[in-house]
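Please examine the sequence and the predicted model shown below. The paragraphs that follow take up charged pairs, an aromatic pair and a nonpolar core in turn.

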Amino acid sequence: MADTIKTAYNLVIETAFVDGDTRTITIKNPREDISASEIAELNSYMQENNIIIGDKDGATFGRIKKAMRRATTTTYLDIKEE
């Protein structure tokens, strides 16, 4: 059997809360064409509706610090003992 190569894509969103707490949200298989304006809209929605809260002190959501699409490639080696 040959080596197997697998590539996975994730949208990684780093968030900040008003008390200084942070959280990273990972979404599997995001669209390839997500724009900065869509991330800005998501940020506004999250701020207006406070849809997530900090886990330290229940702090209010502050902002999205960074959003990036990450590709991870894993190679599974076919090693046979002969």
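Two salt bridges are counted in this predicted model. In one of them, the side chain of aspartate 33 meets that of arginine 31, with a distance of 2.8 Å from N to O. In the other, arginine 31 pairs with glutamate 38, and here the closest N and O atoms are 2.9 Å apart. Through these shared partners, Arg31, Asp33 and Glu38 are joined into one network. Both distances can be set against the criterion for a salt bridge, which requires the nitrogen to lie within 4 Å of a carboxyl oxygen.

Arginine 31, at 44%, counts as partly exposed. Glutamate 38 is also assigned to the partly exposed class, at 30% relative accessibility.

Attention now turns to the aromatic rings. The count of aromatic pairs in the model is one. Phenylalanine 17 and phenylalanine 61 form this pair, with 6.0 Å between the ring centres and 85 degrees between the planes, an edge-to-face arrangement. The classification follows because planes over 60 degrees apart count as edge-to-face. The pair links distant parts of the chain: phenylalanine 17 belongs to strand 1 and phenylalanine 61 to strand 3, 44 residues apart. Phenylalanine 17 has 4% relative accessibility and so counts as buried; phenylalanine 61, likewise at 4%, counts as buried. The threshold behind both assignments is under 20% relative accessible area.

These two phenylalanines lead on to the nonpolar core. Which residues make up the largest nonpolar core? This core has nine residues, namely Leu11, Ile13, Phe17, Ile39, Met46, Ile52, Ala59, Phe61 and Ile64. Strand 1 (4–17), helix 1 (36–49) and strand 3 (61–76) are the elements that give two or more residues to the core. Of these, strand 1 supplies the largest share, with three residues. In soluble globular proteins, nonpolar side chains tend to be buried together.

Terms used:
Residues are numbered from 1 along each chain as its sequence is written. This is a predicted model: local features need pLDDT of at least 70, side-chain atom pairs count only at pLDDT 80 or more; totals for chains, interfaces and linings use all residues. Side-chain values use heavy atoms; hydrogens and water are left out. A nonpolar core is a set of buried Ala, Val, Leu, Ile, Met, Phe, Trp, Tyr and Cys residues joined through side-chain atoms within 4.5 Å. Buried means under 20% relative accessible area, exposed over 50%, partly exposed in between (1.4 Å probe, protein chains only). Helices (H or I, at least four residues) and strands (E, at least two) are DSSP runs, numbered from the N terminus. Rings of Phe, Tyr and Trp (its six-membered ring) pair if their centres lie within 6.5 Å; planes under 30 degrees apart count as stacked, over 60 as edge-to-face and the rest as tilted.
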